[in-house]
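Subject: Structure for you to look over

Hello,

Here is the structure we talked about. Please open it first, then read my notes below.

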Amino acid sequence: MSMYQVKPIYEGGTKIDLPTCMYKLPNVHEQRASSCFSEHAHQNGEPDSAVRALEARQDEIMRKLFELKAAVDGLAKTVATPDADLDLTVSCSLASPSPTACTFTGTADLDTLLGKDLGALRDIVINANPAQPPLTLLVLHGLLCQRYRVLSAVHVHSSVSGVPPQLLSCLGARLTDGSARNLFQLGFTLIWKDVPKLQMKFSVRNMCPVEGEANVARFLFRLLSPDPSDVGQATLVDSWVDTAFFQLAEGGAKEQAAALRSLNAALGRQPWLTGPELSLADIACYCCAVRSGAAAAAPTHVQRWMKACENLGYFSRAQLQ
Amino acid sequence: MDLRISFAFRCACKCNGKQRVGGGGGGGGGGGGIFGRQPSRMSFEVILNAVPFHHHLAKTPIYSECVCVCVCVCVETDRELVRVQDLTPEMADKVIWLRARVHTSRAKGKQCFLVLRQQQFNVQALVAVGDRASKQMVKFAANINKESIVDVEATLRKVEQKIESCTQQEVELHVEKIFVISQAEARLPLQLEDASRPEGEGDEDGRATVNQDTRLDNRVIDLRTTTSQAIFRLQAGVCMLFRETLTKKDFVEIQTPKIISGPKCKYNVYVDSNTHRHLTEFVGLDIEMAFNYHYHEVIDSITDTMVQIFKGLRDRFQTEIQTVSKQYPSEPFKFLEPTLRLEYTEGVAMLRQAGVEMGDEDDLSTPNEKLLGRLVKEKYDTDFYVLDKYPLSVRPFYTMPDPSNPKYSNSYDMFMRGEEILSGAQRVHDPQLLTERAIHHEIDLEKIKAYIDSFRFGAPPHGGGGIGLERVCMLYLGLHNIRQTSMFPRDPKRLTP
C-alpha cells in the first residue's frame, strides 16, 4: 500500500490536439495568375459567392466600357492615319468576344500585375548604356504615361562620365513641383550606366533582373494590354520582336535587307505587322529600323508603315536628336 | 671644441624662402610631410661653442649652444636639394643633394643598400666601398637607425633592371657623402611596414599588423605610412571641393562661434558616442540657404554639392583612392546624378517588404538604416541617397511641419553606404510657430530667447544641413573606423597626442 496519497488536482487524460504543421503558407503556384484578371486566384480560401457575383458584374461593365473605348480609338486612328481601314478596325474590336482584348488603366490592374504597393511607389528601374539608347522603351514610356500616372526620372550613374543632353531629357521635363511620390501609380527610373546589356530591376525581393531590351519591352507592354489570347497571334508578335532585335538592330547589312524584305511582304497585306491593330511588333520593328538607319532605303510598304507610325504621337520619342 | 652642424628651418616670417630664422636646437625639417609642405631647401652651417645639449630624439648628446634669437639671416647656399619624386632617368649621371628619411638599410659585405623615402616616394641608394667611400662609411650607413633624416650627396645612375619595390623604379643613387640630420631612436614603437600591411595578410603569414590603439598612441609615426598620407590628402580634397563648389554657387563662408548656450531639454538624449563612428571633436561643414518656392530647392542644392565633391574625388584623387584600397580594400563609391530621393514612407515600405516590423512614425534604428542602404543599393546601385519627409515626432523642435500632412515634416536625411551623414530640414522661420513648437517639446523658452528673437524681424523661408568631414571621408573610402580619418582623434577615452 502506498504511504501517501494525494487527490488528483486535475482530470488527467483530456486529449489535446497538437498541431502537426509548424508554418502554413499559401500555395505559391496557385497564387500568381499573372495576366488574366477575369480568373480570380484562390489565395487563402474560397471567396464568397456573393462577392464573386459582384466581381463578375463589374467585369462585364468594364468589358463593355473598354469595347466602347476601343471603338473610339479605332475612329481616332482613322483620323490620324489615312491608311488604316475604318470598318476593319472598328468591327474587329467590336466583334472580339473575349474581354481580354482591351487595355488597362486602373490601379487595380497594376495591383494584379505587379503586386500591391504597400505604400511604396512601384518603381521600375532600367539601367541602360548611353551608347545604345533603348528607343523601344522610350516609346513604351510614352504609352504608359497616357494610361497611368507615371513618375519619370533620369539619372546618370557614376560609372559614366558624361551624357549628351538629349539623353537627359528623353523622358520629358523633370517634375519640380515636389509632389509626393506615392501619389503616382508607377515609377519609371532610367539610369544611364556602363552596363554591357540593358537591365531592368523591379521588385528585388521577388524578381531577378530582366535583361535585354526585347524582354523589358515585353514586360512593359504587358502593363498596357495583355498578351493576345490567340496563341498563334502571340507567337507572331514574339517572332517579329525577335526579328527586330536580332536582325534589324544587330544584324549585318544582308540580314537587315532580308528583314526589311519580309517586313515589306507582311505590310503589303495589312496596315500593321500582326493584323489590323498596333502591337508590340510594330513598335519594336520601327525603333530598331530607326536605330540601325535602315529607314532610308526601305521599300514602299515599309515607308508607308513608318509614316503611319510617326503619325501616332508617342512615336516621336524615338527621334532622340 | 668647434663643431659644424647643418640645420634647416622653415621660414617663420613671410619672406618666401629667402630668409632664414637663426637659432639653436638640433632638429631638421619635417621630411615625413605631416604638415604637407616641404621644408625650406636651404641649410647653413653654424659654428658653435661646445655645450652639451640633449636633443629629445637623439641618444648621444649633440653639442650646441642654445640660442633662440629670431633674427632673419639671409644665407644663400649653392646646395639645392632635389625631391625624390623628381629623380628620373633624364637626370642620370648628375651629382645631386637629397634630403629624405631612411626607410630601410641593409648591409651586404662591402655594400650597403638604403631605401630613402620622402612622403609617398622612395628610391634605392647604394653605399659601396670604393674610391668615394671607405669601409667605415659603409658600416656607418648600415647602422643609421630607421626613420632618421639624412642628407645625401650622390650620383644618379640608371639601372638595367627595374627596382620593383620603389616608386622611382628606373634610377638608383650612388652615395658619396651622407650626413645624419635628425636621428631616430633605435627601437621604434611600431614598424612602418607593419602599419602598412593589410589586416588579412598579417594573419596569414604570421607577420605583425599594428592595432588601432598603438597607432593612435604613436600617431606621428603612423601618419608617415602612404595610406595615411593618402587618406588625409583626400580629406583635404573634400574640404577644397566643398569650398570650390559652394563658392561657384555664390555661397559665402563664415566662421561660427564654437561655444554657445544650450537649451535644457526635458528629455535628455544620450547618444552612445563611444562607437566606431563618433568623435567628441570633429569638423562640421554646414550649409544654410533661403529658398524661393519649395524646400526641395535646398535638397537639390545640397545633393548637387555632394555630387560635385564625389565627382571631383573620382576624377582628381584616383591615386589616393587606389593607395588606400591597397591596405583597406573596399568597393568603389557609386552615386547617381541627380541624386536619388526616396520618401520616408517608401523606405518604411521597402523595409516591411524585407520583413522588418516598424510603425509608420518610428525612427529608423541603425541596423534598419544599414538594411535600407543595402536594399537601395540592390535596386538602384547607388551608395548615396536622400530620405525625405521624416515623421515630425522624431525631429527637433525647429523643424517645419509638412503643410499637407501634420504627422510628417519637411526634413530629410542623407546616407552614404547605409550610414547617415546629414540631417537637415526646412527651419521654422515664424517666431509664433517656433514658440508653439518649443512649448510642445517642453523646452524652456528663456534659454532659446535669442534664437527666437532672430526671427522677429523678417526671416525668409530657409533650410539646410550639415555633414561631418571625417565621416564623409570614412564612408567614401569604405573605411570602418572614424579614427582612421581623424588626424589626432578625441573621444571619451583619448585626449593625447
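**Aromatic pairs**

Over all chains, the structure holds 17 aromatic pairs. Please keep in mind that this is a predicted model.

Take Phe310(B) and Phe335(B). Their rings form a tilted pair, 5.5 Å centre to centre, with 45° between the planes. Which parts of the chain does this pair link? Phe310(B) sits in helix H7 (residues 296-316) of chain B. Phe335(B) sits in the loop between helix H8 (318-327) and strand E14 (336-337) of chain B. The two are 25 residues apart, and the pair links distant parts of the chain. Both Phe310(B) and Phe335(B) are buried.

Phe397(B) and Tyr398(B) pair in another geometry. Theirs is edge-to-face: 5.4 Å centre to centre and 75° between the planes. Phe397(B) is buried, at a relative accessible area of 9%. Tyr398(B) is partly exposed, at 28%.

There is also a cluster. Ring pairs join Phe310(B), Phe333(B), Phe335(B), Phe384(B) and Tyr476(B) into it. So Phe310(B) and Phe335(B), the tilted pair above, both belong to this cluster, because ring pairs of Phe, Tyr and Trp are counted by centres within 6.5 Å.

**Helix packing in chain A**

Look at helix H8 (residues 231-249) and helix H10 (residues 280-292) of chain A. They pack at an angle of about 5°, and their axes are 8 Å apart. Angles under 35 degrees count as roughly parallel. H8(A) and H10(A) are therefore roughly parallel to each other.

Which residues meet there? H8(A) brings Val237(A), Trp240(A), Val241(A), Ala244(A), Phe245(A), Leu248(A) and Ala249(A). H10(A) brings Leu280(A), Ala281(A), Ala284(A), Cys285(A), Cys288(A), Ala289(A), Arg291(A) and Ser292(A). By class, the contact of H8(A) with H10(A) has 13 nonpolar, 1 polar and 1 charged residues.

**Helix packing in chain B**

Now helix H9 (residues 344-353) and helix H10 (residues 366-380) of chain B. Their axes come within 10 Å and cross at roughly 90°. That makes H9(B) roughly perpendicular to H10(B).

From H9(B), the residues in contact are Gly347(B), Met350(B) and Leu351(B). They meet Asn368(B), Leu371(B), Leu372(B), Leu375(B) and Val376(B) in H10(B). The contact of H9(B) with H10(B) has 6 nonpolar and 2 polar residues, and no charged residues.

**Two residues in chain B**

Thr227(B) is in helix H6 (residues 226-248) of chain B. Is Thr227(B) buried or exposed? At 4% relative accessibility, Thr227(B) counts as buried. Setting aside neighbours within four places in sequence, Thr227(B) is in contact with Thr323(B), Val324(B), Gln327(B) and Tyr328(B). Thr227(B) and Thr323(B) are 96 residues apart along the chain, yet their C-alpha atoms are separated by 6.0 Å.

Arg224(B) lies in the loop between helix H5 (219-222) and H6 of chain B. Arg224(B) is buried too, with a relative accessible area of 14%. What does Arg224(B) touch? Not counting residues up to four places away in sequence, Arg224(B) touches Arg101(B), Arg117(B), Glu147(B), Leu192(B) and Gln229(B).

**Cysteines**

In chain A, Cys21(A) counts as partly exposed, at 45% relative accessibility.

**The chains overall**

Chain A comes to 11 helices and 5 strands. Buried residues make up 42% of its 321 residues. Take the contacts in chain A between residues at least 6 apart in sequence: 74% join residues at least 24 apart.

Chain B has 13 helices and 19 strands. Of its 497 residues, 47% count as buried. For chain B contacts between residues at least 6 apart in sequence, 70% join residues at least 24 apart.

Best wishes

Methods:
Residues are numbered from 1 along each chain as its sequence is written. Chains are lettered from A and ligands numbered from 1 in the order in which they are written. This is a predicted model: local features need pLDDT of at least 70, side-chain atom pairs count only at pLDDT 80 or more; totals for chains, interfaces and linings use all residues. Side-chain values use heavy atoms; hydrogens and water are left out. Axes are lines fitted to C-alpha atoms, for helices over the stretch in contact, and angles run from 0 to 180 degrees between N-to-C directions. Helices (H or I, at least four residues) and strands (E, at least two) are DSSP runs, numbered from the N terminus. Angles under 35 degrees count as roughly parallel, over 145 as roughly antiparallel, 65 to 115 as roughly perpendicular and the rest as oblique. Contact means heavy atoms within 4.5 Å. Ala, Val, Leu, Ile, Met, Phe, Trp, Tyr, Cys and Pro count as nonpolar, Asp, Glu, Lys and Arg as charged, and the others, Gly among them, as polar. Buried means under 20% relative accessible area, exposed over 50%, partly exposed in between (1.4 Å probe, protein chains only). Rings of Phe, Tyr and Trp (its six-membered ring) pair if their centres lie within 6.5 Å; planes under 30 degrees apart count as stacked, over 60 as edge-to-face and the rest as tilted.
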